[in-house]
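Trainee: I have a new structure open and would like to learn how to read it feature by feature. Could you walk me through it?

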Amino acid sequence: MLLKRWIPLFILIFVGVMTLISWFVPHDPIGGLGDNFSQFFDIIASFAIILGAANLIKLQGSKIFRRKRNWQYSIVTIVGFIITAVVGINWHITMGVLPEGFNYIAGPHVNQATSPFYWIWWYIFTPLSATMYALLAFYVASASYRAFRARNLEATILLLAGIVVMLGRVPLGQMLTNWMPDAIGFLRIERVADWIYTYPNAAGQRAIMIGIALGVVSTSLRLILGIEKSFLGEE
Amino acid sequence: MIVTIGIWCAAFLTLAIFSFLYKDNPFYRFAEHLFTGVSAAYWMVVAFWNQIHPNLFGNLWWPDWFLRKWPEFTYVLVDEVHVGGEILPGNALVDGSLSPEVLASAELVNIISPIYYIPLVLGILFFTRLIPKISYLSRWPLAFVMGMAAGLRLYSFLQSNAMMQISSTVNPAPIMGQGFLAWLNFLIVAIGVFTGLIYFYFSKEHKGVFGQLSRVGVLFLMLSFGAAFGYTVMARISLLLGRFQFLGGWLGGIFGN
Amino acid sequence: MNIFARLNELDRRWIFLMIGLSVALPLMFPFSQPVKVSPHVQSVYDALEELPDGSLVLVSFEYGPSTMPEVRPMAKSLLNYLFAHNHKIIVTCLWPDGLFMSREILGEIAVDKYNLEYGADYINLGYKPGNEVVINAIASSFSVTFPVDTRGRTLASYPIMEGIENLTNIDMIFSLSAGFPGTVEWVQYAADPLGIPMSTGCTAVQVTEVVPYVESGQCRGILGGLSGAAEFEQLMVDMGEAEELGAANSGMAAQGVAHMVIVLFIVVGNLAFYVERRRQRKY
């Protein structure tokens with residue numbers, strides 16, 4: 001019980017309270033403690049990233065081991081992982097001559113043009129990552145055609161605001177209302193788009209932001225006061 | 001040569017992902033799985049060299065023989081290099097300014113910050129998650145992360161996202177002396193925020209005047225979502241544009257245009 | 001089957017093809033159109049103009065390959081402006097990709113174009129995991145958070161870091177952001193608590209979320225998405241800061257056509273839906 005419940009609860013409350021106080025008391029010892037906690041957090045976050053990678057390999061490995069459906073593709077994942085990890089961790093692997101005056105040192109080697117890690121980042125990671133997101137353009141277009149229906153007042157307002165913003169932000173759309181004389185220039189589509197996202201949008205977003213902020217504050221308080229214990233697997 | 005292979009590789013992977021638009025196929029799956037593996041390793045490598053190596057290892061104790069064994073790794077762990085009364089930074093191990101003979105006789109000072117064994121232990125405890133029997137120990141680092149996030153966010157959200165937003169909604173000082181339109185817009189924002197908040201208040205049934213106000217709030221939220229939709233479309237098209245520009249460059253390279 | 005019923009059941013691959021063509025064709029046959037500068041972009045420029053020459057600006061790279069088409073043109077115009085005005089730049093990255101993004105663009109602008117000295121005119125501190133906590137950490141110390149820069153040397157060995165202890169020594173923060181952590185976190189953990197002026201260039205997706213901070217004065221202006229980047233390029237040319245327009249402007253034609261096509265999709269989709277619904281009710 002001590003290891004499972006009380007120690008993590010003590011860590012959470014102690015770290016939470018000290019961090020909170022360090023906002024108001026930036027002087028030592030509390031300020032210094034808060035600074036150290038920031039450093040610790042960043043280091044622990046790095047371990048979490050490595051844990052994530054280890055977990056992925058464990059899952060993909062078990063998929064191969066148990067010959068689950070499409071297990072062959074898991075080999076691709078693991079091979080991709082191993083090659084990237086090896087060339088990333090081993091600072092001696094190079095694909096060409098180092099620039100003059102540059103020594104091979106661990107750490108900065110990952111962003112050298114001669115590093116195979118950099119090559120993988122630029123020619124494998126970049127196109128894959130960018131194209132995955134670019135696919136969304138097609139799906140957003142498809143959704144525009146098939147799903148966005150002006151069924152009621154709310155949906156109509158949403159669609160109209162979307163259309164005005166879309167047209168108002170590009171010169172081709174702005175051409176539609178360029179003919180308007182200056183006297184009614186405020187009705188030009190780019191002006192209306194600017195107005196929508198500066199005022200009504202800001203109002204809507206602010207309401208959401210304030211709502212979320214109050215939610216975050218209350219959740220944080222519940223955590224720091226030890227009321228919220230769901231991370232311990234408790235209700 | 002390496003660049004050419006790289007460009008072809010990138011073009012193949014781009015087309016492999018795009019092929020999903022026609023239908024699911026082995027090329028897409030290959031690319032998707034490769035992405036998963038490469039990105040996991042990429043994050044891990046970058047986290048290691050940018051945080052664990054300089055910020056954690058640099059504060060721990062290391063034996064002298066280790067510090068001398070791989071200078072291109074330990075230059076971050078060595079805080080001072082003492083050579084003939086002169087104190088140089090750890091980088092002197094690798095910047096070529098000292099000969100191997102001088103380095104062999106130099107004193108390597110590794111300043112230790114014992115408190116950094118705390119994140120080391122907590123970080124390692126994260127991995128107990130992979131061992132079911134003792135996985136509960138991973139709650140310790142998790143508790144640290146959650147405590148820190150709660151302490152930081154409590155104040156920052158209250159300050160930046162609640163107080164400052166409320167203050168800027170109700171404080172007319174910035175528009176003092178401005179025309180009718182500025183006041184009208186100020187009023188519109190104030191009404192929007194107020195009615196929007198009413199919509200999010202679920203402790204009272206949305207009926208009567210309260211219900212009407214909540215409905216006005218919904219309209220503001222819809223305008224906001226509409227603007228967000230417009231901007232999302234814009235963002236997605238821009239990303240597609242980037243990929244097409246790349247493919248255009250690749251095809252241009254092949255056909256010499 | 002009448003035309004509206006057919007439209008209602010159109011295979012989505014036709015839609016994919018149309019949207020693909022609407023982006024590809026204007027890229028193949030480009031046409032240029034004048035870009036109008038919006039007030040938020042003007043605010044960014046005004047904020048930059050208020051900086052005395054030789055100020056210390058922290059530019060944070062929080063975008064990656066997927067959002068490069070939107071944010072890179074902003075980064076390019078911004079660095080051009082800052083270096084032309086002799087500002088000193090400290091680069092940090094809250095995203096791992098930012099490390100490579102910043103390296104690439106600094107190579108093009110600081111090294112190739114301006115031939116500046118690394119460590120004296122600019123420095124790249126690189127990436128740290130930890131999201132907003134990294135901002136909180138550099139609010140108290142740069143050298144503890146970044147024991148070494150991207151070249152593996154201690155910060156004390158560079159003249160640009162002389163007397164620079166933490167964020168309070170910075171004259172302005174500029175976040176080039178594509179999501180979390182990014183602009184919002186810089187406002188929450190640096191600009192607001194420390195009172196440092198900041199501005200941002202971010203992806204279009206973030207614009208609506210960031211606008212409230214702009215309107216409340218927590219952030220000075222915003223360059224939003226490709227159109228924001230194009231407007232900033234136009235403004236740079238108009239103000240004599242740059243000689244020619246850049247990548248964002250050359251993409252605006254395709255962007256415009258694609259927006260028109262999507263608006264058309266919405267209109268046609270709704271029309272087909274209503275006509276078909278009325279027809280079905282009739283029978």
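Predicted model: local features only at pLDDT ≥ 70, side-chain atom pairs only at ≥ 80, totals over all residues.

Trainee: Which helices of chain B supply at least two residues each to the side that touches chain C?

Mentor: Look for α2 (26–56), α7 (139–170) and α9 (208–255) of chain B. Of the elements on that side, α9(B) gives the most, with 18 residues. Sorted by class, the side of chain B that touches chain C has 27 nonpolar, 14 polar and three charged residues.

Trainee: How many salt bridges does the rule find across the interface of chain B and chain C?

Mentor: One. To call a salt bridge, we ask for a Lys or Arg side-chain nitrogen within 4 Å of a carboxyl oxygen of Asp or Glu. The side chains of C:E132 and B:R153 meet in a salt bridge, with 2.7 Å from N to O.

Trainee: And what area do chain B and chain C bury between them?

Mentor: About 3,900 Å², with 66% of it on carbon and sulfur atoms. On the chain B side, B:M234, B:I237 and B:L241 lose the most area to chain C, and together they make up 14% of what that side buries. In residue terms, 44 residues of chain B are in contact with 52 residues of chain C.

Trainee: Let me try the other pair. How many residues do chain A and chain B each bring to their contact?

Mentor: Chain A brings 114 residues and chain B brings 116. Between them, chain A and chain B bury about 11,000 Å², of which 81% is on carbon and sulfur atoms.

Trainee: What is the count of polar contacts and of salt bridges there?

Mentor: Between chain A and chain B there are 22 residue pairs in polar contact, again with both residues at pLDDT 80 or more. The salt bridge count between chain A and chain B is one, and you will find a salt bridge between the side chains of A:E154 and B:R215, at 2.6 Å from N to O.

Trainee: Can we zoom in on one residue? Is B:A41 buried or exposed?

Mentor: The idea is to check relative accessibility against a cut-off, and buried means under 20%. B:A41 has 0% relative accessibility, so this residue counts as buried. B:A41 lies in helix α2 of chain B. Setting aside residues up to four places away in sequence, B:A41 touches A:F81, A:T84 and A:A85.

Trainee: How should I think about nonpolar cores?

Mentor: In soluble globular proteins, nonpolar side chains tend to be buried together. Here the largest nonpolar core has 235 residues, and the members touching the most others are B:V81, C:F61, C:F142, C:L167, C:L176, C:W186 and C:I262. Helix α4 (residues 116–146) of chain A gives the most to this core, with 17 residues. A second, separate core has six residues, including A:I210, B:V189, B:V193 and B:F220.

Trainee: What is C:L176 in contact with, leaving aside neighbours within four places in sequence?

Mentor: The contacts of C:L176 include C:F61, C:Y63, C:V71, C:M74, C:L78 and C:G201.

Trainee: Last topic: backbone geometry. Which peptide bond is cis, from C:F180?

Mentor: The bond from C:F180 to C:P181, with omega near -15 degrees. C:P181 is found in the loop between β4 (172–177) and α8 (183–194) of chain C.

Trainee: Where is A:R67 found, and what is its phi?

Mentor: A:R67 is in the loop between α2 and α3 of chain A. Although A:R67 is not a glycine, its phi is positive, about 50 degrees. With a relative accessible area of 54%, A:R67 is exposed.

Trainee: And how does C:N115 read?

Mentor: C:N115 has a positive phi near 50 degrees and is a residue other than glycine. C:N115 is found in the loop between α5 (96–113) and β3 (122–127) of chain C. Its relative accessible area is 66%, so C:N115 is exposed.

Key
Residues numbered from 1 in each chain as written. Chains lettered and ligands numbered in written order. Heavy atoms only, no water. Core = buried A, V, L, I, M, F, W, Y, C linked by side-chain atoms within 4.5 Å. Buried < 20%, exposed > 50% of the residue type's maximum accessible area, 1.4 Å probe, protein only. Helix = DSSP H or I, 4+ residues; strand = E, 2+ residues; numbered from the N terminus. Contact = heavy atoms within 4.5 Å. Buried area = accessible area lost by both parts, 1.4 Å probe. Nonpolar A, V, L, I, M, F, W, Y, C, P; charged D, E, K, R; others polar. Polar contact = N/O pair within 3.5 Å; in protein donor to acceptor, adjacent residues only side chain to side chain.
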